[in-house]
Amino acid sequence: MDIQDIIKPENLVYQKTKLLTDTPMHYCPGCSHGVVHKILAELIDEMGLQDKSIGVAPVGCAVFAYNYIDIDWQEAAHGRAPAVATGISRVNPDAFVFTYQGDGDLASIGAAEIMHACNRGENILVIFINNGIYGMTGGQMAPTTLEGMVTATTPNGRNVELNGYPMRITNLIAQLPGTSYVTRQSVHTAGGVRKCKKAVKKAIQNVLDKKGTSFVEVVSTCNSGWKLSPVASNKWMEENMIPYYPLGDMKDSVKGEHSEN
Amino acid sequence: MGEIKLMKGNEVLAEAAIRCGCDGYFGYPITPQSEVMETLMAREPWKETGMVVLQAESEVASINMVYGAAATGKKIMTSSSSPGISLMAEGISYLAGAELPCLLVNVQRGGPGLGTIQPSQADYFQAVKGGGHGDYKLIVLAPSSVQEMNDFVDLGFELAFKYRNPAMILADGAIGQMMEKVELADYKPRWTKEEVVEKNGGWATTGKPSSRKKNVITSLEMASNDMEVRNINLQAKYRKMEEEDVRYEAIQCDDAEFILVAFGTAARVCQKAVEVARAKGLKVGLLRPITLFPFPKTIIKELARKAVGFLSVEMSAGQMVEDIKLAVYDAGSNARVNYFGRMGGIIPTPTEVVEALEDKFSWELSYGVKRSY
Ligand SMILES: Cc1ncc(C[n+]2csc(CCOP(=O)(O)OP(=O)(O)O)c2C)c(N)n1
Ligand code: SF4
Ligand SMILES: [Mg+2]
């Protein structure tokens with residue numbers, strides 16, 4: 001049998017995600033950002049949301065997210081994506097608005113904006129990439145950096161006396177009555193990717209149903225910042241990050257209700 | 001003729017926003033401008049025109065809400081007072097960098113720091129020279145009456161969209177708080193979704209149909225060559241503003257030997273000062289810049305040819321006086337430029353202004369001619 005006999009539409013099992021552009025991604029090989037982009041692009045396409053979607057890119061490694069997914073985007077100032085998304089969504093209530101933020105962006109410089117956007121129950125999706133570090137600026141400490149973890153600004157490991165404690169901001173977010181669906185996922189295994197996609201899909205649906213803010217944390221790797229190979233990063237994440245940031249749903253309700261699991 | 005009312009400057013800002021078809025207001029309370037949001041919240045324009053009003057958690061958030069909403073091609077505004085505007089500086093720089101039209105209002109109070117809630121003009125530099133980082137300009141309109149608080153809302157939006165640039169109304173606590181007769185504008189409907197796409201669909205994030213490329217709002221360029229091109233384009237836009245949209249009012253300048261230059265509340269005081277001075281036989285006129293950027297350089301250069309001296313009257317330590325000096329220097333004139341002002345929330349009186357004029361130009365007044373150096 002000739003190869004041409006096999007390459008036929010009816011034999012197609014997988015293809016490049018339609019809404020991912022041809023721009024080569026600048027992410028380090030092994031980085032979680034690219035996988036989460038793919039999940040988002042797939043879902044926006046599958047759910048028929050391209051012309052309704054407005055993404056808000058952060059300041060952080062995902063600053064160029066707007067180059068990779070073929071929808072309208074806005075680039076926000078560092079940490080301000082939830083305020084930007086609030087502005088968009090308030091004057092365009094029919095749009096599907098999401099922010100895509102790192103842990104420095106969301107949990108440090110933008111802590112006020114994320115808390116208040118979630119507290120108001122803005123109809124937006126928040127994708128929160130928690131890699132425990134400032135990837136973009138060269139691997140400095142983030143609020144989420146684990147105790148003892150070595151970064152460029154904690155060369156002897158994070159000292160909680162000096163730097164405070166690793167922040168589980170998603171747990172705080174789940175306390176806010178404005179949020180509807182709050183979950184923590186990972187994308188370091190095929191199963192994780194499938195689960196994460198399912199969670200993001202549910203989160204998007206909640207936004208479309210105007211149930212309030214949906215928040216998906218993705219515990220992620222930053223192999224460059226962590227100074228580990230991609231494979232070693234996955235292992236390190238499993239052994240260190242996930243015990244501190246356990247995976248699973250934290251809240252599943254509608255805005256205004258306090259049900260937490 | 002529109003509806004005539006007696007209203008506070010701040011209330012008029014709110015009323016004018018609703019009537020000009022504004023789509024959204026985002027703000028945070030601060031004296032002396034809190035009446036803007038209070039009026040809007042009481043008016044509930046979302047029931048009437050569909051305009052959104054939201055109290056943000058901070059000025060950092062409100063300016064970024066403006067950024068997000070303005071980037072969808074709609075008419076969006078915020079208002080604040082001096083400390084709040086400082087907090088917005090990063091966001092304003094992003095708005096200018098991403099070339100987003102929007103309307104900002106600064107009802108200035110005395111600074112620096114927490115300062116005072118009394119009126120001031122000490123944010124002139126911040127408004128016209130930048131305030132945030134990078135080479136950018138705002139279109140800056142300086143109202144000197146409650147009527148102009150009304151008129152400049154619509155004008156501000158018009159200029160903001162003409163240039164895809166943030167416009168700022170630079171008022172002060174006196175104009176914000178005082179009540180005057182005002183002729184309100186007639187209602188203009190908000191742009192429909194289709195109108196927004198038609199007018200701004202070339203750049204705004206209105207949601208990407210398959211028929212066009214994605215629109216991306218950003219101020220980022222990694223390659224410095226590209227960033228320089230962006231800057232060159234911005235500068236060209238600012239030059240165009242200087243050519244096409246300078247606004248000022250010249251009062252009794254034709255035969256004037258001395259020109260008072262003042263904007264906003266200080267200009268109101270100077271109007272009276274001109275009367276007082278003229279009654280004393282002094283040939284004094286008033287130039288009132290209405291756009292602080294673009295600054296009315298050309299008229300100053302013209303006046304500098306025959307005027308003996310300029311007195312910049314400001315409610316600050318003397319900021320605009322630098323721009324007057326540059327224009328006079330450009331004109332190659334040896335007219336002298338002086339400053340008089342009060343700070344910390346004090347409004348000068350007309351008599352003080354005339355006395356300052358007589359004092360600072362005593363040589364010229366004694367000899368009746370320009371002093372040569
Ligand atoms: C106001 C401001 N402060 C600091 C920076 C520098 N900066 C850029 S990205 C970043 C950290 C990003 O880390 P994170 O949000 O965790 O994203 P990651 O790169 O890890 O995905 C910092 C501090 C900036 N751009 N703006
Ligand atoms: S530095 Fe870290 S977060 Fe940034 S692209 Fe590389 S691996 Fe990903
Ligand atoms: Mg990070």
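A salt bridge here is a side-chain nitrogen of Lys or Arg within 4 Å of a carboxyl oxygen of Asp or Glu. With that in hand, here are some close-ups of this predicted model.

**View 1. Glu249(B) and Arg288(B) meet in a salt bridge.** Their side chains come to 2.9 Å, N to O. The pair links distant parts of chain B, with Glu249(B) in strand β10 (residues 248–251) and Arg288(B) in strand β12 (residues 284–289), 39 residues apart. Glu249(B) is partly exposed at 32% relative accessibility, while Arg288(B) is buried at 5%.

**View 2. Glu48(B) pairs up with Arg43(B).** This salt bridge spans 2.7 Å from N to O. Glu48(B) is partly exposed, with a relative accessible area of 43%, and Arg43(B) is partly exposed too, at 26%.

**View 3. Glu217(A) forms a salt bridge with Arg184(A).** The closest N and O atoms sit 3.0 Å apart. Glu217(A) belongs to strand β8 (residues 213–219) of chain A and Arg184(A) to strand β7 (residues 179–186), so the pair ties together parts 33 residues apart in sequence. Glu217(A) has 1% relative accessibility and counts as buried; Arg184(A) is buried as well, with a relative accessible area of 1%. Zoom out to the whole structure, and the search finds 41 salt bridges over all chains.

**View 4. Here are the residues around ligand 2.** Chain A supplies Tyr27(A), Cys28(A), Cys31(A), His33(A), Cys61(A), Asn131(A), Gly135(A), Cys222(A), Asn223(A) and Ser224(A). Sorted by type, the shell has 5 nonpolar residues, 5 polar and no charged.

Terms used: Residues numbered from 1 in each chain as written. Chains lettered and ligands numbered in written order. Predicted model: local features only at pLDDT ≥ 70, side-chain atom pairs only at ≥ 80, totals over all residues. Heavy atoms only, no water. Near = heavy atom within 4 Å. Nonpolar A, V, L, I, M, F, W, Y, C, P; charged D, E, K, R; others polar. Helix = DSSP H or I, 4+ residues; strand = E, 2+ residues; numbered from the N terminus. Buried < 20%, exposed > 50% of the residue type's maximum accessible area, 1.4 Å probe, protein only.
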